[in-house]
Structure formats: structure tokens, C-alpha cells
Amino acid sequence: MSVLELKNVSKSFGSGGGTTEVLRSVDLSLDEGEFVAVVGFSGSGKSTLVNLLSGLLFPNRGEVLFKGEKNVAAGPDRGVVFQNYSLLPWLSVYENIRLAVDQVFADQSVQERDQRVRHYVDMVSLTPAMAKKPHELSGGMRQRVSLARTLAMSPDVLLMDEPLGALDALTRAVLQDEIAKIWEQEKKTVLLVTNDVDEAILLADRIVPLKPGPSATLGKHFSVQLPRPRDRTALNHDAGFKELRNNVVNYLNTVRKESKTAQLEARQKPLPELPQLKPADLRAQ
Amino acid sequence: MSARILQVLDRTGLEAFAPFVRLFRGDDRQEQFRKLFMNFGAPSIAFLLFLGAWSIASQSIMTKYGNLPSPTEVWQQAVVLWDAHLAGLAAETQFYADQAIKAAEFSAAADVFSSRGDAVMAEKMSSSAATALAAKYAASPSYITQILTSLKTVFAGFLIASLIAIPIGVLCGTSELVQAALNPLIQIFKPVSPLAWLPIVMICVGALYTTKPDEAWFEKSFISSALTVALCSLWPTLANTALGVASIDKDHLNVAKVLKLDTWTRIRKIIIPSALPMMFAGLRISLGVGWMVLIAAEMLAQNPGLGKFVWDMFQNGSSETLAQIMVAVFTIGIVGMALDRTMVILQRSVSYSETNA
């Protein structure tokens, strides 16, 4: 059963002559408990895709169906982990998560809410840093807080917009393992947007390439059949992993080349043929 | 320990004293001496040069009341004003002590009359005792009292200004419609001088504040000064609040949307904290403007305070009163600086580090 679905969705920004179409005729369906990774080059409209799925933006054409309902505004049942963490800098780690918990579980007792915050802080191993402000944390720790905040809202769908994009390779690996572990525990429907093919294969059940924009569309889907839990060192020698990785990378390169030639052709359209006119001809008419 | 002291100095805006702590800790000596010279040595030299130039000027400028007062004369007058204040305080305590003694004598007499059965005289005596106790000490306010009156007025005006400017600023920052609607009005009223507002405020206060003087909580002059201060000082806060609210990080608003915060919670939990540093920068300017406006308003309207003191001394027209005006000039400057430093400390306490958070 699909929880979240995009049906023939197009999104453009601006109006009149300055309109840029970012996404064109996108179809995507997330099944209950599925982990889907959208892989694309930077600037291909990945964030727009996440914003449409989360209900922060609405499509110009087509529709977004969340649990069968059309174009629902954003809410805590679709948790978003933002690319740049979006933590409130004047609140501590605990307070940032508490704000979300207080809002979503307003009917629970103070103790229950406190417990909930502590549980998720512990899940991302940040208990020692609970009283710190975001500016005192490293990038990886901030993204953990952001993840904990989203998980603590207990959303039906978890949308992650390049959550590890700004981190160094080592921290990235640690957090990838953590995300995999948490997903095994919570079994949420997850959509992960990333520019890292290895990350997508390591984490996802299905990989969906986003063809480069403007007017980006989704490419063909790759199913990831590798058994879980996946071990990154073992995967490096796995034949299935290597093949899948090559296929995805090749596909991405091909669509990028296609889009480049298409753009080049669009720019180099031959000039229209003009009739040979001379001033004398005008006077004769 | 020393790190803690340095942190406190930084929080309280006293970072000029940090080199002493660092010197004691054994940080780079030469660098600390250089900083000490910059923080204390250079300003002292400049101040001495200023005093010298002033002394020379005071000897060569002849006014109709005598020479322009020299630094020493001004200092003497400052001492005179302080002594007068102390003497006034002593006289006031003495007055109330005398009244208490009088009241005690009257009530003793009343007891005697009532024991003799003379009810009429007893009644008269105890009412005299009450009158003696209720008597108020009346004398022209001392210089220190004038300063306190001015401070009270400026804070009242500043409070009124903040209560008006912050909500309107938040509205302007959150709604493009409100911003567009109010912008022309704000632009027109912002450059108006306090001296133009003052007569209107005084007339309106006179017409609307009709409570009897002995029942009123505030004096009319206090209200009209405070309102004039408010009218002139609300603009920086208004503009900064609107800007701070309008430039709030879009990601933070997205967080509010995902959490489905209602408008009031959004304003309270996201918008206000995020705009707070900008708001305080505006409040700081407002308080400075308010203090300047207040002196002018008091002078023009003859409302009690430092401004009236300056005007009265000018009317008295003697060499001593000229020196007292100079004392007032320094007082106004020092109080203004103290207000500004207080706002800096408050501003630091609400600002948060923005770096990649």
C-alpha cells in the first residue's frame, strides 16, 4: 500500500516570462515501511522534491497523495530532516527536541514527554551533549539532533534531504550506519535524497535517479536486493553491489550527457531564414 | 578561574579590564601592556589634553557673567550640588522628626484632655496630631532628585515606546500587507523633532488626563514628557524589530510549518527569539534617542528633571550657575553612557551564535 504518492507532478517557480520549471511529470510512490533513495546531481531539484513530498510546497500540476488525501499541508506526520539541520540556535539540544515533542504529544504528561526526549537523545548517542547549544556541536552532532527531533515526532514518513551532505567522509559513514540501525528498529517509511550512490545502495530498498534539471524527471528504478544488515566493508567485495553500483553510476552519467546535449541543442538553434529584403523593395510597395 | 573572570568581563561589557586578568595569568606581556595602553593610557592622555584645552579656553572666553567656568570651578560646583543634596536630605529627616515630636505632644495633650472629660479639646488635639503627621516636606528638588526624575521619565517613555513598537514591528515583519500599509506613516513621523510633538502632547494630556492632582498617580508633566520620549524613541525599535522578524531564517519557519505551530506559538517560540538580537539593537538606539529627547522636552516644557535644571540655571545667569550647567552636561553624558552600556550587556545576554546552526 502506498503511503505517499506523487502523481504526474510538475513544479515551476516564478511567473510570466521568468518561469523556471524544476520538476516535470514526476511519478513516485512510497510503500509502507519502504526505504527509497532518490539520487541526483546537485541542482537537479532534489530539495523541491522533498518540499513537495512534505507539503511545504504544492505542485502546479498533478497531485500529492498522503494516505490517500490530496495536497495536505505539512505536519508532524511527515517528518523532515533538513539539509542544513534547521536547529533553533537559541535552544539547547534537549529544548530543540522538546519543542517538537511538546507540540506533537501535547496530550501526554510532562514526565512522558521528558522520557520521550531523553529516549531519542540517547538513540543518537547525544546524552552527554544534551544541554549544549547547536553552535557548540560539530556538524555530525547537529545532524544527529535534527534526526532525533524528527524521529521523536514519531512521523509516518521520514523525509531526509541530503542529511549527510555537509559532513566529512568518516562522520558520514558513522551516521549512515546509525540511520540503518534506527530504520531496522523503527521500520518507518523513509525517503532519502542524496548525491552519493554508495550511500543509497547501503541504505535503500529502491533507488530512483533524478534526471538533471531544468524540468527534471525521475529515471528508471533500481531495486536493491542485498541482504540486511549490510556491512560496508563486506559490500565493497560483493559482486552484486559492484554491478548495481556500476549500473546506477552509468545510468546517471548517460542521463547527464543526454541532458547536456539537449540543452546545447536548445541553445544552438539555427537562425530562422529571413527573406532577402532591400529598402528599394519597401518603397515599391 | 581566570577564564571564568574573562567570560564575566565579556558578558558585562567590561572587556577593557581583560588585560589585567591576562597579565596576572601570564599571557604575552608585551601584548597585554599594549592593550592596557590602548584601553586606559590613550584615553587618559586624550582626556588630559581636553582638560588643558578647556582651561585655556575658559581663561580667554569672557561672557557677561564672567569667565567661562574652568574645570576646577565645575568640579567645585559638582561638590556644591552634592553637598546641597545631602543638606536637603538632612533637613528632610529633621523636618519629619520634628513633626513626629509635635504629633506626640498633641496626642499626649489629647490624652490629658480626655482623662479630664473634655471631649471637644481632646478631639481638637488629636486632629492636630494627625495634621502634623500628614505634613509633607516642601523644598525645591535637589540636583540628585532631578537626575532621578529624569531617569524615571526616560524609562517610562522607553517602556511605552517598546510596548507600542515591538508588537507593531512584529506585525510589520510577519505581514507584507501591514508593512505596506504602515510604511508611509512611519516614514513621515520618524523624522519629526520632539519639539514639534511636545505642544500637541501637552495639550492632549491636559485635555484627557483630568484626574484631580491629589488623586492622580502621575503628574501631568511626567506623562507629557514620557509620551514625548516615547513618540520620538519608538522608531528605531519598530524598524529593527520589523527587519529582524522579516529576515528570520526560512528553514526555521519550515520547522514551524512541519510542527504545525499555531500563530501565537510560532511568534513566541520561533519569531521573537530569532529577532531578539536585532530587537535589542533597536532598543539600545531608542533608549539613547529617548535620553536626548527628554532633556530637550524638559527644558521646553519646564517639566521637572535635568532639562529644567539647565534652563533654570541659565535664567539665573551667574558664573556659578554656568558651571552648574556644565556639571549637568557631564551628568547627562555619563548617564547616557551608562544607559547605553546597560543595553549592550542586555543585548549580549540575548544574542546567540549564528554560525551554521
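**Reading the second largest pocket**

Mentor: Twenty residues, written 20, line the second largest pocket, and nearest its centre are Ser140(B), Pro141(B), Ser142(B), Tyr143(B) and Thr145(B). A pocket is an open set of 1 Å grid points over the protein atoms alone where a 1.4 Å probe fits, with protein on both sides within 12 Å along at least five of seven lines; lining residues have an atom within 4 Å of a point. The model is predicted: local features need pLDDT of at least 70 and side-chain atom pairs 80 or more, while totals for chains, interfaces and linings use all residues. Residues count from 1 along each chain as written, chains are lettered from A and ligands numbered from 1 in written order, and side-chain values use heavy atoms, without hydrogens or water.

Trainee: Which element gives the most to the lining of the second largest pocket?

Mentor: That is α4(B), with eight residues. Helices here are DSSP runs of H or I, at least four residues, and strands are E runs of at least two, numbered from the N terminus. Elements giving two or more residues are α4 (71-116), α6 (143-174) and α12 (306-316) of chain B.

Trainee: Where does the second largest pocket lie?

Mentor: Between domain 2 (71-134) and domain 3 (143-350) of chain B, because both give residues to its lining. Domain bounds come from an automatic or database assignment.
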